[in-house]
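Hi there,

Here is the model I promised to pass on.

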Amino acid sequence: MRGKAAAICFALACLICLAGLAGAIFAVPALSSPLPGSAPVWPPSLIAMLILAAMLLVLTLGPPLSWLHRAAPIIAAAVAGGALVMLILSLAGQTRGSPVSCLLVTGLAVSALGLMRRDAPAAPIAALIAALVISFALLILAGQLIGGGAPASADLPWHIPIPTNLAELAIGAGLLLLATQRTLAEYRTEGHGPRPILLRAVPALMVAPALVLAGGLILFRNSGFPASTEIWGMFANTLVVGSVLLWAVIRLARQGSTLDEVRSASADSDQRLILAAKAHRIGIFDMDVPSGQLTWFAGTEPFMGVPEGMLSTFEGWQRAVVPDDRNMLRKRIEAATWAKADQISFFYRLRLPDGAIRAIEGSARCFYDANGQLVRLVGASIDVTDRVEQTSQLAAREAQMRSILETVPSAMVTIDVQGRILSFSPAAERMFGYEANSVIGSSVAILMNDAYAARHDAALARYLRTGERRIIGKPQILSALHADGTEFPIELNVGEAVHEDRRIFTAFITDLSDQLRTEEKLEQLSSELTQIGRINAMGELAAALAHEINQPLAAITNHVATAEMILEDERVPDPLHDRLILQLKSTREQALRAGEIIRRLREFVSRREVDLRVEPVETAIREAVALVLVGSQRIDVSFSYDLAPEAPYMFADKIQIQQVLVNLMRNALEAVRATAATQPSIRVATRRIDDDWIEFSVADNGPGLCPEKLDNLFKPFASTKGQGNMGIGLLICRRIVEAHGGAMSAHNNDAGGATFRFTVPGAGRETGEE
């Protein structure tokens, strides 16, 4: 009977492989990739399974062909070798085949090889391998069916094309049927009595973990591919349960004809089973539901961490189970009984007499009477306390991470693609003055003024449309709006998280109010230091000023002395009075000159705050020109402008920069008036030299600068106007430019005249924009 069922499975596998190959060859998606978004079939794996299924079908139903029986192991070995090669290539990324699918094909070929051997352990081992293949294929198929469509990146390695998966299930089922049939046939031929319960339950128990997990996915989960931990957990359960049962089957299959051999084999099998159960903390139980009696195989009850005899009855077991889990288990058993389920899985916590808690999970086979009432449960329980504790520790670490995020000074706000607030950290509550419950679901625009809100909406729409990142990952200095309506400066850092079709933006916000107040204090201190620097500069000028002031003062002394001599000489005739008047006049002129020098020096030393702002370049230049022309004889001097459109704004003290421009243009105006040029002109120009600096230039067509003065042009008292000037105007200009971080230079033009250049920081048209 099982041989015919196995043949049907192999025939079905052949049809599935042929249909998948036809779909791949003739590009029929319904055959090669039945589910939308699922992976298409990979022909090499289908060909390997078609060869294996066809060979097994002929061996099962076909006439006895000696050459085929001799070639079958070679064919199976070749399929296994080819599958291994495909597995290696797929792991190396050289093919588009699924590594898991190649591994399952290898397992099927190895199971077929074991089935062709005639020694006793071969058939149970083949059954175990086939059960593992069925478990994997069944769980992956269930996950793909409920997952619906394209896999997530984390689930991609587990996905197998649907036709390939179905073919592997069919071949695995056929091999499991043949292997269990041979094992049971060997048991019957040795003349033993009825088959043991454990032996009859071998096929079901081998795939029980996969059936339980797949059933749980379908009954209790809406969507989502099973996690890798669930798949490996199923594999571990299948391997442990199958290994335990394998030892029992092998020992039973090898029982001798004498009672001593039977007892020896049974004892050995029990011992191995006990060792395996102890190593994995497995308890194997048989519960009679009507009487509530629980029987634990070979005393495996303590292996789960509970005292022996504590779970000998259903009532005792119920008393030990934590109350919340007790209610859940009762509902689970009632649901299984109502659905007449063959398998049931469970998880519960036991409270030991010493107060300790043990976490138990497992599965059981359900047996019903003729009236459909549950009468027996046979299954295995595993102590998973360590795993639960690890999961709890992981949850604690996640809670700790959340606590850290909630206590950091920076505020954290998450929004969706519509700009609605999804979360609002405690730091954000303190910073903005809102409670989280009052702002979650609201637009993030409530945290900014109208201008920034409009720009934010436009920037978000542009990013969703184009994908161009202008804010994400780049710190921004902006203004935020407090709940009381006041604005304050912030630094904004935005990140993005994308999961499937959901996009979330996370903003970390730092209040810069304290930082800016500190910077203002530093700027004030810098201004103080600048003033000190000016005073120090006066020290450099002291020696030269002493010389300049000493000359008029010496002249004053001489003139006064002469006047005194003339006045003391009583015999001086009257005409000498005229000379006396001239001497006194000269004395007054020299005194006035000394006073002018002192006045200019005091103006230079006088303190003035530097007010850096974003100022329009053209306005500053035209206002400076107007100041130059006020009260001056314009004659025919023409002013021309060459202002760069890419440099419309500067970040500077407008008044100080205008002082520099006025000084340079007045020097140029005096130079061109002294020249013989027919068309005296002054040209003011700007250009952007890089992203951060703007260069100003003032050029004239006057006589130019003396070459010997170029090297000392910006030193104290180096005047370009000849006598009667202090020569500190250009020095002050250079000091102002250097205070802005720029540089100043001068050179003669090839066509005549001179050009002065200086640089100041540039600025964009708008600040604070993305």
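Is Asp325 buried or exposed? Asp325 counts as buried, because its relative accessibility is 9%; buried means under 20% relative accessible area, exposed over 50%, and partly exposed in between (1.4 Å probe, protein chains only). Before the rest, two notes on how to read this. The model is predicted, so local features need pLDDT of at least 70 and side-chain atom pairs count only at pLDDT 80 or more, while totals for chains, interfaces and linings use all residues. Residues are numbered from 1 along each chain as its sequence is written, and side-chain values use heavy atoms, with hydrogens and water left out.

On confidence, the chain has a mean pLDDT of 75 (the predictor's confidence in each residue, from 0 to 100), and 68% of its residues reach 70 or more. Confidence in the chain is highest in strand 15 (residues 693-700), at a mean of 94, and lowest in helix 8 (residues 197-200), at 52. Helices here (H or I, at least four residues) and strands (E, at least two) are DSSP runs, numbered from the N terminus. Over residues 255-260 pLDDT stays under 50, and the model has eight contacts (heavy atoms within 4.5 Å) for them beyond four places in sequence.

Now the charged pairs. Side chains of opposite charge can pair when their charged atoms come close. Searching the whole structure gives ten salt bridges, each a side-chain nitrogen of Lys or Arg within 4 Å of a carboxyl oxygen of Asp or Glu. Here are some of them:

- Asp325 pairs with Arg349, with 2.8 Å between the closest N and O atoms. Asp325 is in helix 14 and Arg349 in strand 3, so this pair ties together parts that are 24 residues apart in sequence. Arg349 is partly exposed, at 32% relative accessible area.
- Arg517 meets Asp514 at 2.1 Å, N to O. The two are separated by about one helical turn, because they sit three residues apart in helix 19 (residues 513-568). Arg517 is partly exposed at 44%, and Asp514 is exposed at 54%.
- Glu695 bridges to Arg687, again with the closest N and O atoms 2.8 Å apart. Glu695 is buried at 12%, whereas Arg687 is partly exposed at 43%. Salt bridges with shared partners join Arg687, Glu695 and Arg757 into one network.

Thr414 belongs to strand 6 (residues 411-415) and counts as buried, with 10% relative accessibility. Its side chain makes a polar contact with that of Ser423 at 2.5 Å; a polar contact is a pair of N or O atoms within 3.5 Å, where within protein one must be able to donate a hydrogen and the other to accept it, and residues adjacent in sequence count only if both atoms are side-chain atoms. Beyond four places in sequence, the contacts of Thr414 include Arg420, Ile421, Ile504 and Phe505.

Finally, two residues have a positive phi without being glycine. Ala27, with phi near 55°, is in the loop between helix 1 and helix 2 and is exposed, at 61% relative accessible area. Lys340, with phi of about 55°, lies in the loop between helix 14 (323-339) and strand 3 (343-351) and is partly exposed at 41%.

Best wishes
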